[in-house]
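Please open the model in your viewer and keep the selection panel at hand. The tour below goes from one selection to the next and says what is there.

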Amino acid sequence: MKHISIALAMAGLSVLSASVQGEMQGDAKRGAQAAALCIACHQADGGGKHIEGGESWPRLAGLNATYIANQLHDFKSGARSNASMEPFASMLNEQQIADVAAYYSQLPPTPGQGGEEVDEVLLQRGETIALHGDWSAYLVSCKSCHGPDNQGAGTVFPGIAGQHAGYIESQLQAWKGRTRNNDPQDLMGSVARRMSDEDVRAVAAWLANQPPAAKQQELSQ
Amino acid sequence: MMRKLSYLALTAAIGCSAMAHADERTEQFIQSLTELGFPAPKANELVHIPPGIDKLEEAEIHPELKRVIRRGHDLFINTQQLRGKNVFNGMQCSSCHLGDGRMPFSAPTWPAAVTLPDFRGKNGHVNSLEERIAGCFSFSMNGKPPEYGSDDMLALTAYHRWMASGVPMYPKQPIYGRGYPAPERPKELSYARGKDAFEQNCAICHGADGSGLQRDGKTIFPATWGDLSNNWGAGIVRVFTAAGFIKNNMPLGQPNSLSDQEAWDIAYYISSQERPQDPRYTGDVADTLERYGPTFHRHSMYGQKRESDGHLLGDHANTGEKGFLKPDTLRPRTFE
């Protein structure tokens with residue numbers, strides 16, 4: 001397995017083109033070293049941090065590797081703009097991106113923060129949106145794409161259960177305000193723009209309170 | 001302007017329907033729908049949008065009935081709990097009937113509760129609500145319907161009946177948003193354009209090979225063709241039905257975003273792929289086509305040669321995951 005990943009990595013290195021995005025094999029061990037850059041915000045355990053009223057740092061531990069790699073590519077190319085991330089993503093080469101993505105995807109996920117002190121009514125609204133949607137506003141449920149437990153589906157739809165409320169809220173707001181638009185086919189943007197600010201707060205808080213993974217083993221596959 | 005128009009149409013529709021009143025919820029639905037490019041109700045249409053299951057608790061009905069309706073709703077959105085027993089593909093009822101069977105333009109399922117028993121051309125006899133549901137089990141779920149009168153069948157019909165609360169039996173007016181109204185058929189359909197458009201707009205969820213996405217045996221995105229999809233007898237294999245479904249409902253969350261041409265091309269492309277055999281198969285595709293062409297398959301690609309490679313569609317005995325062709329419940333009625 002290691003041989004293959006190194007061979008692929010070398011092949012990848014020689015072709016540094018957009019076509020290899022997300023396909024390059026990462027090495028989690030090497031990724032752990034490159035991740036030294038990331039610890040200040042994303043923390044040593046990859047758990048990130050909810051920061052009330054400030055910029056929250058997402059949990060990366062246990063997210064899909066291809067999804068992480070794609071986001072890093074997008075920060076680097078400017079397809080996704082974020083002042084804090086841009087300089088760090090720019091320091092990573094293609095191989096390092098694949099490596100850190102592999103590293104974080106294999107860390108055990110940690111619980112989400114920021115949904116602890118939210119009132120019942122708002123949480124109830126959040127649950128409705130996440131699990132059933134609100135078709136009166138043509139809001140499709142989160143789970144119809146992010147998976148039955150909102151723990152992610154494939155390489156495109158990231159796990160959002162157990163993500164920090166502040167981060168989910170900021171991203172939904174970014175889609176609403178069209179400052180984030182690196183989602184394929186505007187799939188997330190078209191839903192987010194139909195959400196009220198209260199919907200955004202509600203669903204962010206509810207999701208933060210959900211388990212990020214059913215079983216630890218499931219994630220390390 | 002848009003808003004005013006739709007509101008007027010709505011009031012007019014309600015005015016001549018027997019419905020008590022258009023509550024705020026219905027208005028909100030109609031407003032979101034018209035903003036997304038769906039037509040506003042016409043003056044003569046019956047407008048009904050059932051309450052969500054979260055409103056069941058406040059209904060003034062027997063608590064045991066609530067329990068059974070809730071069971072029916074659960075079967076509707078998680079039909080996979082019947083996998084291997086009544087369902088032999090990866091579908092839920094809600095895979096094709098969005099919003100738990102309540103959404104206009106997504107073949108809301110409650111109209112069956114107020115329009116049946118009635119004659120259906122598809123099987124040439126008078127059908128009940130149970131038989132209509134059995135139809136979707138036999139074809140769309142590639143399965144075997146729960147027995148008539150069984151707990152599961154009763155729960156499903158109770159859910160349908162509850163959704164239709166307040167609507168009179170056998171309404172005279174057309175129902176707003178019933179079925180999957182298809183846009184006008186363009187002059188030419190193209191397999192190649194359909195394939196391209198599918199790969200660009202749909203493959204991200206349904207897979208370029210149409211097999212959808214499963215995780216731990218659970219369906220996340222349903223299959224648009226192949227063994228995990230509906231069989232050749234399902235309503236959605238008719239190209240116009242698929243075009244209507246797609247135009248009004250897909251990509252998920254972006255209704256009416258495709259052009260009419262794209263919706264039809266994609267429908268034509270999907271309908272040109274293989275899927276489990278029609279349970280009405282006689283053992284010969286040409287013979288089956290002859291029998292069921294006039295009432296059904298003249299709208300599908302069944303028994304025709306695929307444009308891209310000349311493959312004869314439906315010419316096989318593959319029944320998918322199920323070990324039988326035709327469930328016993330699919331039988332003619334003669335009343336003799």
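Predicted model: local features only at pLDDT ≥ 70, side-chain atom pairs only at ≥ 80, totals over all residues.

Residues are numbered from 1 along each chain as its sequence is written, chains are lettered from A and ligands numbered from 1 in the order in which they are written, and side-chain values use heavy atoms, with hydrogens and water left out.

**The interface**

Select both chains: 27 residues of chain B are in contact with 23 residues of chain A, where contact means heavy atoms within 4.5 Å. The area buried between the two chains is about 2,100 Å², with carbon and sulfur atoms giving 61% of that area; buried area is the accessible area (1.4 Å probe) that two parts lose on being put together, summed over both.

Next, select A:Asp149 with B:Arg215, whose side chains meet in a salt bridge at 3.0 Å, N to O. The rule, which asks for a side-chain nitrogen of Lys or Arg within 4 Å of a carboxyl oxygen of Asp or Glu, finds one salt bridge across this interface.

**B:Gln254**

Now move to B:Gln254, in the loop between α10 and α11 (260-270) of chain B; helices here are DSSP runs (H or I, at least four residues), numbered from the N terminus. B:Gln254 counts as buried because its relative accessibility is 12%, the limit being under 20% relative accessible area (1.4 Å probe, protein chains only). Its side chain reaches the backbone oxygen of A:Asp186 at 3.1 Å, and the side chain of B:Gln254 also makes a polar contact with that of A:Ser190 at 3.0 Å. A polar contact is a pair of N or O atoms within 3.5 Å; within protein, one must be able to donate a hydrogen and the other to accept it, and residues adjacent in sequence count only if both atoms are side-chain atoms.

**Helix α4 of chain A**

Finally, select residues 65-77 of chain A, the 13 residues of helix α4. Its buried residues include A:Tyr67, A:Ile68 and A:Leu72, and what covers the buried residues of α4(A) includes α5 (85-91) and α6 (94-106) of chain A. At the N-terminal end, A:Asn64 caps α4(A), with a side-chain oxygen 2.9 Å from the backbone nitrogen of A:Thr66, while just after the helix A:Gly78 takes a positive phi of about 90°.

Note on methods
Helix = DSSP H or I, 4+ residues; strand = E, 2+ residues; numbered from the N terminus. Buried < 20%, exposed > 50% of the residue type's maximum accessible area, 1.4 Å probe, protein only. Expected span 1.5 Å × (residues − 1).
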